[in-house]
Amino acid sequence: MGSSRVRNRDESEWVRIPDHHPAIISKELFQRVQELKPKKRCIKKNVHLYPLRGKVFCGCCGHAMPRNPSKSHFFVCKHTEVDQSAACHGLRIAEKDLETILYEIISKQAQVILNVENIANASLLDAKIAKQTEYGQRVESCLDRKRVLYEQVLLKVISMEEYKAQKADVDTELERLRQVHNALTAEISQAKMDAKTKNARLELAQEISAAGGLSTSLADALIERVNINPGNQVDIVWKVKDFCVEGM
């Protein structure tokens, strides 16, 4: 509305009236003819790929900002181009400028990730694994003591009262050891997951530093959408959670 542009509706919005006209031939015959007709291959038009394709939106009205087809590419908000009172009327930003802004932001965060020192992380994990192994062995030792007590009461080496008293002490110690062992297991699992995430971020940071500019692969990996506001103020929605949190 309000412009000379004509846009086709999506097929899901089409209105169809089945059997509106009397059929000349039956549906069965029509289907048979369609199956006999040679299949025509539809040659797709060349799709112009660029890093921010489908990711740039107006921060005021929320509509997508298409890239104009001219030699010097701009992203333009066309939704309110005929409404001069709208805050985003005439809103536009050069593609080159936007890519430069985004790559500068991404590069700074990449340097933060690359400069983080991983002091003694590996040794701490090794120490926890060693401690987990130790407590696992102590759990097995308690289970052996319970088996020995059971054999002793069967052989009447100890009385039932002695067996119950000693077994209660062993069960208490066994429960404590199992709790510590389970806690260590959970800590080790989380530490391994954190290390895996950190390594993935480190590899991504190295790729960013080597790229030299915003590429399609980086944009697809990191950016969900970019909202453009008046004054070329940029608001980025990241795909990677907390990608731009300092000291990450």
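Searching the whole structure turns up 1 aromatic pair. Keep in mind that this is a predicted model, where local features need pLDDT of at least 70, side-chain atom pairs count only at pLDDT 80 or more, and totals for chains, interfaces and linings use all residues. Residues are numbered from 1 along each chain as its sequence is written, and side-chain values use heavy atoms, with hydrogens and water left out.

The partners are Tyr50 and Phe75, 6.2 Å centre to centre with 50 degrees between the planes, which makes the pair tilted. (Rings of Phe, Tyr and Trp, the last by its six-membered ring, pair if their centres lie within 6.5 Å; planes under 30 degrees apart are stacked, over 60 edge-to-face, and the rest tilted.) Tyr50 sits in the loop between helix 1 (27-36) and strand 1 (56-58), while Phe75 belongs to strand 2 (residues 74-76), so the pair ties together parts that are 25 residues apart in sequence. Helices (H or I, at least four residues) and strands (E, at least two) are DSSP runs, numbered from the N terminus.

Buried here means under 20%, exposed over 50%, and partly exposed in between (1.4 Å probe, protein chains only).

Tyr50 has another neighbour: Arg67 lies over its face, 3.8 Å from the ring centre. Over at Phe57, Arg225 lies over the ring face, at 3.8 Å from the centre. For such a contact, NZ of Lys or CZ of Arg must be within 6 Å of the ring centre and within 35 degrees of the ring normal.

Now to helix 1, where you'll find Phe30, partly exposed at 41% relative accessibility.
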